[in-house]
Amino acid sequence: REAAKASTRYLKQRENDLHTLAENPTIRDFFNNRVYGLREEAEVFRLQLEHSLRRFAERSNSIDMIYTQVRYIDPQGKEVAKVVRNRISDDRGQVAEVPFFLAVRHLPPGETYLSPVEPTMIYAMPTYQPGGVGRLPTLQDFERTTAVIARTFLIITGLSLGIALFLTITQVRHLTDPIRRLAEAAHRIAAGQRSVTVASDAGDEVGSLAHAFNDMAGSLEQNEAALQRKVGETTTLYEIGQEITAQVAFEPTLRLIVERARDLLQAEVSLLALRQEESHDFLVQAYSGLVPESFPGLRIRPGEGMVGRVVATGQPIMAGDYLQEYVDSPFLEIIQQSGLRSAVAVPLKARDVVIGVLYVYSRAPHNFREADRQLLSALADQAAIALENAKLYQRVRQHAEELEARVRERTRELEEANLK
């Protein structure tokens, strides 16, 4: 029975790995760029996908060789990215006629394929269903959109030329230079430059157009920078989550969680307090950064200080200045001596029960934003799963050691009985 349970957990973990890989945003980015004919951009994302698959294989195979191959295959059966024994392989081929690929193509979204039991087995799932739910844009969609944009551009260009011709007749010298600068700036933006402005001191319509153009260019630059930051944060969080969930040992998992939390939010100190089974207290069991000697092993009761309130409410909390907002905290003197000011604390939950609190400090007041709270909450969700897996691994390992000890004892008794 224990072997059956272990086998079920093992297959479930493989299925979770498949779902995690399928959520990799690099796959969507590669596919979109390839559909739109952007080959160079698609190749960049393909290389990123290869490195992401390699990191996944290295983490998963750090103890035992679980995955000898990790592949992403496009809908035509061509291997796009391939990792063999933790190394990126350039030997990519066609698997369109291979039985597992033919079976996977007909699976609905989210379903998985498991090959028959053999020494080497295949686990696969579809990540893209042509014409299905969440269908990616096709080349025809792109061509239609391009045609609409082209027609719109021609109309706008025609109107602009008409207006320019009319104004040129009356004010040639006054209009030529500003319009030329606007056109050059528009071409630079179209070519990928975002930090473009048009200088104009005119108080007429041309001056207003230049100011509006500058506002548009500035807004576009800010939005693109915000999008790039969001993409970077999402990718980083995804990779950290993969690294944490790949751990199985309990203590290394705790250290990895606080180290990655501190790096992710660029904080001075990161701590993790876990619920104690014998009481309702929470004990600080891991930290990263320079902390007073009284921090490790600190016991926190529900309602005490910022962390205690997270335990009591089950909700994340931000403190712009701990010394002013938590004057009644029993830990105020410790925080004051440490020079810590702003903080973010989020709960770790398992089955809707708070099992821990992950929190970070900065010595600068009001150093954290709402986006930081969201990032730390997302990391806490990954950490809660990793801790549950680590505890499960400990229990399984302890049970296996007990069984092994019983077998040794029974073997010894049988040998003694045979000697008699």
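Predicted model: local features only at pLDDT ≥ 70, side-chain atom pairs only at ≥ 80, totals over all residues.

Residues are numbered from 1 along each chain as its sequence is written, and side-chain values use heavy atoms, with hydrogens and water left out.

**Exercise 1. The overall picture**

Task: Find how many helices and strands the protein has, and what share of its residues is buried.

Solution: 
- Step 1. Helices (H or I, at least four residues) and strands (E, at least two) are DSSP runs, numbered from the N terminus. The protein has 11 helices and 11 strands.
- Step 2. Buried means under 20% relative accessible area, exposed over 50%, and partly exposed in between (1.4 Å probe, protein chains only). Of the 420 residues, 35% are buried.
- Step 3. Contact means heavy atoms within 4.5 Å. Taking contacts between residues at least 6 apart in sequence, 52% join residues at least 24 apart.

**Exercise 2. Strand β10 and its partners**

Task: Work out which strands pair with β10, and in what sense.

Solution: 
- Step 1. Two strands pair if DSSP finds at least two bridges between them.
- Step 2. Strand β9 (residues 317-319) pairs with β10 in the antiparallel sense over three bridges. In this pairing, Ile 317 is opposite Ala 345 of β10.
- Step 3. Strand β11 (residues 353-362) also runs antiparallel to β10, joined by nine bridges. Here Leu 348 is opposite Gly 356 in β11.
- Step 4. β10 and β11 make a hairpin with two residues between them. Arg 351 belongs to the turn and has a positive phi of about 55 degrees, although Arg 351 is a residue other than glycine. With a relative accessible area of 71%, Arg 351 is exposed.
- Step 5. β10 itself is mostly covered, as eight of its nine residues are buried.

**Exercise 3. A closer look at Ser 342**

Task: Decide whether Ser 342 is buried or exposed, and find what its side chain meets.

Solution: 
- Step 1. Ser 342 is in strand β10 (residues 342-350).
- Step 2. Ser 342 counts as buried because its relative accessibility is 0%.
- Step 3. A polar atom of the Ser 342 side chain lies 2.6 Å from the backbone oxygen of Ala 364.
- Step 4. Leaving aside neighbours within four places in sequence, Ser 342 is in contact with several residues, including Ala 319, Gly 320, Tyr 361, Ala 364 and Phe 368.

**Exercise 4. Helix α2 from start to end**

Task: Describe how α2 begins, how covered it is, and what follows it.

Solution: 
- Step 1. At the start of α2, a side-chain oxygen of Asn 24 comes within 3.0 Å of the backbone nitrogen of Thr 26.
- Step 2. α2 (residues 25-35) is mostly covered, with eight of its 11 residues buried. Among them are Ile 27, Phe 30, Phe 31 and Val 35.
- Step 3. After α2 comes Gly 37, with a positive phi near 80 degrees.

**Exercise 5. Salt bridges**

Task: Find which parts of the chain are tied together by the pairs Arg 92 with Glu 50 and Asp 328 with Arg 309.

Solution: 
- Step 1. A salt bridge is a side-chain nitrogen of Lys or Arg within 4 Å of a carboxyl oxygen of Asp or Glu. By this rule there are 18 salt bridges.
- Step 2. Arg 92 and Glu 50 meet in one of these (3.4 Å, N to O). Arg 92 lies in the loop between β3 (87-88) and α4 (99-105) and Glu 50 in helix α3 (residues 39-60), so the pair ties together parts that are 42 residues apart in sequence.
- Step 3. Glu 50 counts as buried at 4% relative accessibility, whereas Arg 92 is partly exposed at 31%. Glu 43, Arg 46, Glu 50 and Arg 92 are linked in a network of salt bridges.
- Step 4. Asp 328 and Arg 309 form a salt bridge too (3.7 Å, N to O). Asp 328 is in the loop between α9 (322-325) and α10 (332-338) and Arg 309 in helix α8 (residues 305-313), so this pair ties together parts that are 19 residues apart in sequence.

Methods. Polar contact = N/O pair within 3.5 Å; in protein donor to acceptor, adjacent residues only side chain to side chain.
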